[in-house]
Amino acid sequence: MTAIQKKPDNPIAHLSAEDIEILGKELDAIRDRVIAERGESDARYIRKVIKTQRTLEISSRAVLLFSLFPPAWLVGTAGLAVAKILENMEIGHNILHGQYDFMRDPKIHSTTWEWDHVSPADQWKHSHNQLHHTYTNVLGKDNDLGYGIMRVDEDQKWHPMHLGQPLWNFVNACFFEYGIAAYDLELGRNLQKDRRKDPQFRARARAVGRKIRRQVLKDYVVHPLLSGPSFLSTLAATFTANLIRNLWSHSVIMCGHFPNGVETFEKTSIEGETRGEWYLRQMLGSANISGSRLMHIMTGNLSFQIEHHLFPDLPSKRYQEIAPQVRALFDRYGLKYTTGPLPKQVASAWWKVIRLSLPNRTPAAPKPADDLSTRTLAPSGA
């Protein structure tokens, strides 16, 4: 995962500055067509998914009132896990991206939606929409690369503590929603002695604390108490559903930016980045997952991570529709469209975590002089 600027064979060296800007215009045209077409069918889709998710969650929690009986425990736990995945991935993530703001429905809007997650929506939107999507795969700028706890590039200095990063990554996967909350708070930076008393940080930390209390009260107190004699089994079922949701969402997100074939970028390479260059970075810094329509829905259509990073505010169900057009551009401009089935992508991402927990086998490559073909940064508002 050496930064693209340090690779001996730069995969975009064949593209001129003019090529990159023409590519950007072709991608703008794809986006404009979807914007012009989106409407009632997209609104019906998200309303149907929300209704399905809520029905599934309510019925699963009802079944778990009798979780003392093993069949009820299995059915209720499975249903609740699927409902939580749908809420976080296809509903919450995409509504908070503003994908359905065009509906002007105050109940389904990025400014009003609060999701089933311990991280408050407004904090997640800042760290994810504004930072991650602007600085995708830029070393030292995009904290989604390793979540601030892992070595993610050969050129990062190795320390013995990195030997533990496969374990840290597994623990993070199990409690992923809490890891995201800590990441949104930038705890590593803000817990430093000179920052921990900052009023803004303390206010944000209190907001996270309130959200955690609400989530814990709902999942681990109220619902189990309503189960009466099934209290402990319902408690275990809810914990298991949250664990499944966390492991699933962590795996999907890892597949989006970690598998082999995904590029990283240096800070200096994004100075003065044009819109075409920003598009190019999204194309090279993301990877897709192939699979069925059901699998795409369960990933929140983040199985089309490339298309999502190119157009984060388009309705998610449109990604499968435009994927062939995007892939055709990859082929025409001589770029690699990184995709593969879920098991392959998960294995590739985990192998990278394990490999980078060890010292480099060979010295890091010398840095070549920067040129236009290796420059890449998000224009304002991208």
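In this predicted model, R318 and E321 form a salt bridge, with 3.4 Å between their closest N and O atoms; a salt bridge is defined here as a side-chain nitrogen of Lys or Arg within 4 Å of a carboxyl oxygen of Asp or Glu. Both residues belong to helix α13 (residues 318–332), where they stand three residues apart, about one turn of the helix. Helices (H or I, at least four residues) and strands (E, at least two) are DSSP runs, numbered from the N terminus. R318 is buried, with a relative accessible area of 6%, whereas E321 is partly exposed at 37% relative accessibility. Buried denotes under 20% relative accessible area, exposed over 50%, and partly exposed the range in between (1.4 Å probe, protein chains only).

Residues are numbered from 1 along each chain as its sequence is written. As the model is predicted, local features need pLDDT of at least 70 and side-chain atom pairs count only at pLDDT 80 or more, while totals for chains, interfaces and linings use all residues; side-chain values use heavy atoms, with hydrogens and water left out.

The structure holds 17 salt bridges. Side chains of opposite charge can pair when their charged atoms come close.

| Salt bridge | N to O distance |
|---|---|
| R355 and E154 | 2.7 Å |
| R281 and E273 | 2.9 Å |
| R318 and E321 | 3.4 Å |

The side chains of R355 and E154 meet at 2.7 Å, N to O. This pair links distant parts of the chain: R355 lies in helix α14 (residues 342–355) and E154 in the loop between α4 (121–132) and α5 (165–174), 201 residues apart. R355 is partly exposed at 26% relative accessibility, whereas E154 is buried at 16%.

In the salt bridge between R281 and E273, the arginine R281 is buried, with 0% relative accessibility. E273 is likewise buried, at 9% relative accessibility.

Beyond these pairs, a network of salt bridges links E57, R61, K84, D116, K218 and D219.

As for the chain as a whole, its secondary structure comes to 14 helices and zero strands. Of the 382 residues in the protein chain, 52% are buried. The accessible surface of the protein chain comes to about 17,300 Å², and carbon and sulfur atoms account for 62% of that area. Accessible areas come from the Shrake-Rupley method with a 1.4 Å probe; for residues, only the protein chains shown count as cover.
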